[in-house]
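These are my notebook entries on what I looked up in the structure. I began with the ligand and then turned to the aromatic rings.

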Amino acid sequence: MKKVFLIAAYAHNHVIGSNGSIPWNIPGEQSRFRKLTTGNVVIMGRKTFDEIFQKLKKPLPGRINIIISKTKTYSDIDCYTFSTLKEAVDFSIKEFPEKNIFISGGESLYKEGISLAEKLFLTEIDLDVEGDVFFPKFCENDYEKIIEEEFTKPVSYRYLTYTRLS
Ligand SMILES: NC(=O)c1ccc[n+]([C@@H]2O[C@H](COP(=O)([O-])OP(=O)(O)OC[C@H]3O[C@@H](n4cnc5c(N)ncnc54)[C@H](OP(=O)(O)O)[C@@H]3O)[C@@H](O)[C@H]2O)c1
């Protein structure tokens with residue numbers, strides 16, 4: 001039985017984005033995202049996918065890209081589209097039983113997806129940034145928290161893993 005996980009990076013105040021993009025650029029910070037998601041399934045909201053596609057001119061390489069949208073289908077791009085997160089998760093479990101499934105933002109997918117995820121792979125960044133989308137507050141007591149790795153340069157940040165208890 002494969003796993004449903006959630007992966008996110010947030011600054012102080014739980015900011016995850018601003019004006020449609022990630023409001024920091026920290027070399028190396030996304031290496032855990034790449035490592036964990038490569039070879040697996042990433043599920044993301046339409047705006048998050050559009051931002052990635054604008055930058056890369058293609059979906060995230062080496063991963064099965066699944067987009068949640070009620071308005072677009074992306075039929076000419078190598079990806080899947082669903083109108084609800086639940087449909088996307090059910091499809092991924094059925095079609096890719098050997099892969100892990102990562103709910104990868106933005107805000108509404110995190111809000112809805114946090115209850116589905118067995119582990120939260122979070123990057124906490126010690127920056128004060130303005131933003132318009134946020135990672136939801138969640139009850140830390142429901143999880144075991146592990147600090148996987150701490151970084152100090154070019155800013156301080158850390159990789160955390162929260163594993164749901166019981
Ligand atoms: N720091 C991080 O780890 C991280 C990760 C991901 C994204 N981000 C940032 O977050 C921002 C984008 O997030 P966002 O919250 O604004 O947008 P988003 O979740 O990426 O996309 C929103 C769109 O996705 C679809 N959607 C989302 N949830 C849905 C649901 N439950 N049911 C049906 N459709 C749903 C809708 O598309 P339609 O309108 O087409 O129906 C909605 O308009 C950007 O700034 C991005 O850089 C940060």
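How many residues surround the ligand, and which are the closest? I find 28 residues around the ligand, and the closest are Thr48, Glu51, Ser69, Lys70 and Thr71; a residue counts as near a molecule if one of its heavy atoms lies within 4 Å of it.

Before going on I note that this is a predicted model, in which local features need pLDDT of at least 70 and side-chain atom pairs count only at pLDDT 80 or more, while totals for chains, interfaces and linings use all residues. Residues are numbered from 1 along each chain as its sequence is written, and side-chain values use heavy atoms, with hydrogens and water left out.

**Entry on the ligand.** I looked up which elements form the shell, taking helices (H or I, at least four residues) and strands (E, at least two) as DSSP runs numbered from the N terminus. At least two shell residues come from each of strand 1 (4-10), strand 2 (15-17), helix 2 (46-56) and helix 4 (107-113), and helix 4 gives the most, with five residues.

I then listed polar contacts, meaning pairs of N or O atoms within 3.5 Å. A nitrogen atom of the ligand lies 2.7 Å from a backbone N or O atom of alanine 9, and an oxygen atom of the ligand lies 2.7 Å from an N or O atom in the side chain of glutamate 51. On its own the ligand has 910 Å² of accessible area, of which the protein covers 84% (Shrake-Rupley method, 1.4 Å probe).

**Entry on the rings.** I count 18 aromatic pairs in the structure; rings of Phe, Tyr and Trp (its six-membered ring) pair if their centres lie within 6.5 Å, and planes under 30 degrees apart count as stacked, over 60 as edge-to-face and the rest as tilted. The planes of tyrosine 80 and phenylalanine 96 stand at 65°, with centres 6.0 Å apart, so this pair is edge-to-face. The pair links distant parts of the chain, 16 residues apart, with tyrosine 80 in strand 5 (residues 80-82) and phenylalanine 96 in the loop between helix 3 (85-95) and strand 6 (101-103).

For burial I used relative accessible area, with buried under 20%, exposed over 50% and partly exposed in between (1.4 Å probe, protein chains only). Tyrosine 80 is partly exposed at 34%, whereas phenylalanine 96 is buried at 12%.

Phenylalanine 138 and tyrosine 143 also form an edge-to-face pair, 5.5 Å centre to centre with 90° between the planes. Phenylalanine 138 is buried at 17%, and tyrosine 143 is buried at 9%.

Definitions and conventions: A polar contact is a pair of N or O atoms within 3.5 Å; within protein, one must be able to donate a hydrogen and the other to accept it, and residues adjacent in sequence count only if both atoms are side-chain atoms.
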